[in-house]
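Subject: Structure handover

Dear colleague,

Here is the structure you asked about, followed by notes on what was found in it. Please read the notes with the model open.

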Amino acid sequence: MRTSTLGLFTLKETPAEAELASHRLMLRAGMIRPVAAGIYTWLPLGLRVLRRVEQAVREEMNRAGAAELLMPAIQPAELWQESNRWTKYGPELLRLTDRHGRLFCFGPTHEEVITDLARREIRSYRELPLTFYQIQTKFRDEIRPRFGVMRAREFVMKDAYSFHVSEASLREGYDRMRDAYHRVFQRLGLEARAVAADSGAIGGRYSHEFHVLAEAGEDRLALSDTGSYAANVELAETRPPEGSRAPARRPLEKVRIGSPVPPGGSPAGGAHIRIELVKSPSGDFHAIALCAGHELNPVKAAHVLGYAEPVSPAEWNGRYPQDAAHLGPLDLPCPLVADHAAAHLADFSAWANAPDQLWQGVNWGRDCPEPPAHDLRLVTNGDPSPDGVGRLRLVRGIEVGHIFQLGTEYSERLHAYFQDESGSEKPLWMGCYGIGVSRIVAAAIEQHHDEWGILWPMPLAPFDVVIAPIGGKTSPRVWETACALETELESQGCQTLLDDRDLRPGSMFADLDLIGIPQRIVVSERGLAENQIEWRDRKSRTTRPLPRERAGAMVLDRMRTSS
């Protein structure tokens, strides 16, 4: 392909709205253009990368035994009402009304539609297991779309759904799909990890997220430094401290501190307990005791208490006289639970309901009631790994896939049953498997870029090689050589871009570095005078001369060994 027919619209300046490297580089490289908040046009260069992701995903889904179908993007409200998600899903669900006043939504996911299909078509255990998938545009009305296609409202997703006769069969299908996901990311040249995760709005009892490791990631992951443990910090467990709690040795005393400490702060020195407040849907308050320096895990709190919505100081102060920002475990007017680490402390300090007053020498059971102890905090760097192997290190990741064992949750709600061997009606066991196809493109850039632009792994690159003829408009020999190389490479299946713009070498090379094509061939009069062309590797920025007659074959060898 020629740049003149591709439509290569690069930008020299960085758009002001671009915060992440991927957003900045996708705009500058002419891969996407914004249409509205969180909605983008994919330009030809970007679409070529998107299609490469789709190809890898499609081939691995087929290899895993899934059959491709295509479901409607617009879904009737009745199905979502049957599953109880019409209101539960929240404002991210874009609701629509047609001319007859009937309610629909633009599908953010397709559990309801696929379950409706299954209940109409699947009759017997003899037809199972079955797995279907699609690659389709979705829409989620993000409250604050940002970071380009990383957090867009409209996006391309692969979603797959499996149906089984039993939980054992579901686990087999789940493991097969997890293996397929690992193959997808390996094929695309991405460093990705599967981590245990919370199932969130999709539901189900067991799930894994797949993350591309990158500093720009929104998610924090906990990985064992010497073992295989990996989990999202929302789900990562902390182990209770070993041994018994130390006995009380200090008397309880209230002291004034020299200068007030702001809300959320803690006084210097010694073990200190702080209190966080959460509320139930009915407005009841619950206090949670944490060690200073530890952060509450809302997911764990919700599992223990059934709720974890934070309480504002105004809500607390409107009901109780104690200072909400400086609460301690003494004289609390609401129930208290403690994180394991906080419950293990003795002779600790705690706030005394004022920014300049502190209790010291506080002990559970002696000075305040012994609280129920649970795992309620986020893990930190250096915590023991929950599986007992090594210690945890926290890294950043970009979620690009999520798989779920849904069990019978949706099939029971939507009455999707099959007949087992005895003729009894049983609910279908279901799995759900999503990959963010368009998000993978941005995640790959976050993991592979430098100060000059994108560094595409060969399997993701929009083109395998770019030919840069220097002075091609004025030198017939340069132009003919470039065209001959283009023909030779494309005849061997090499995706080739020929830059036929009349640009100075510096401008041309800057653009080609920006768009990140792995190999560059420079054809010039100076090189041809010595029967050579120049080959350049985008990632290492190394160059070397190649003999003209062997250049095409050597480029093809390089492409095949890098794929």
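Helices (H or I, at least four residues) and strands (E, at least two) are DSSP runs, numbered from the N terminus. This is a predicted model, in which local features need pLDDT of at least 70 and side-chain atom pairs count only at pLDDT 80 or more, while totals for chains, interfaces and linings use all residues. Residues are numbered from 1 along each chain as its sequence is written, and side-chain values use heavy atoms, with hydrogens and water left out.

Salt bridges

A salt bridge here is a side-chain nitrogen of Lys or Arg within 4 Å of a carboxyl oxygen of Asp or Glu. The whole structure has 42 of these. Buried means under 20% relative accessible area, exposed over 50%, and partly exposed in between (1.4 Å probe, protein chains only).

- D159 and K138 form a salt bridge with an N to O distance of 2.8 Å. The pair links distant parts of the chain, with D159 in strand 8 (residues 154–164) and K138 in strand 7 (residues 130–139), 21 residues apart. D159 is buried because its relative accessibility is 0%, and K138 is buried because its relative accessibility is 0%.
- K300 pairs with D375, the closest N and O atoms being 2.9 Å apart. This pair also links distant parts of the chain: K300 is in helix 7, D375 is in the loop between strand 20 (373–374) and strand 21 (392–407), and they are 75 residues apart. Both K300 and D375 are buried.
- D116 bridges to R119, with 2.9 Å between the closest N and O atoms. Both lie in helix 5 (residues 111–121), 3 residues apart, about one turn of the helix. D116 is buried, at 12% relative accessible area.
- A network of salt bridges links E59, E60, R63, R183 and R187.

A buried arginine without a partner

R439 lies in helix 11 (residues 437–447). What is its nearest side chain of opposite charge? (Lys and Arg count as positive and Asp and Glu as negative; His and the chain ends are not counted.) That side chain is E218, 4.5 Å away, and R439 is buried yet has no salt bridge. Contact means heavy atoms within 4.5 Å. Not counting residues up to four places away in sequence, R439 touches V149, M150, R151, E218, I398, E399 and V400.

A buried histidine

H294 sits in the loop between strand 15 (285–291) and helix 7 (298–305). H294 counts as buried because its relative accessibility is 15%. Its side chain makes a polar contact of 3.4 Å with the side chain of R377. (A polar contact is a pair of N or O atoms within 3.5 Å; within protein, one must be able to donate a hydrogen and the other to accept it, and residues adjacent in sequence count only if both atoms are side-chain atoms.)

Regards
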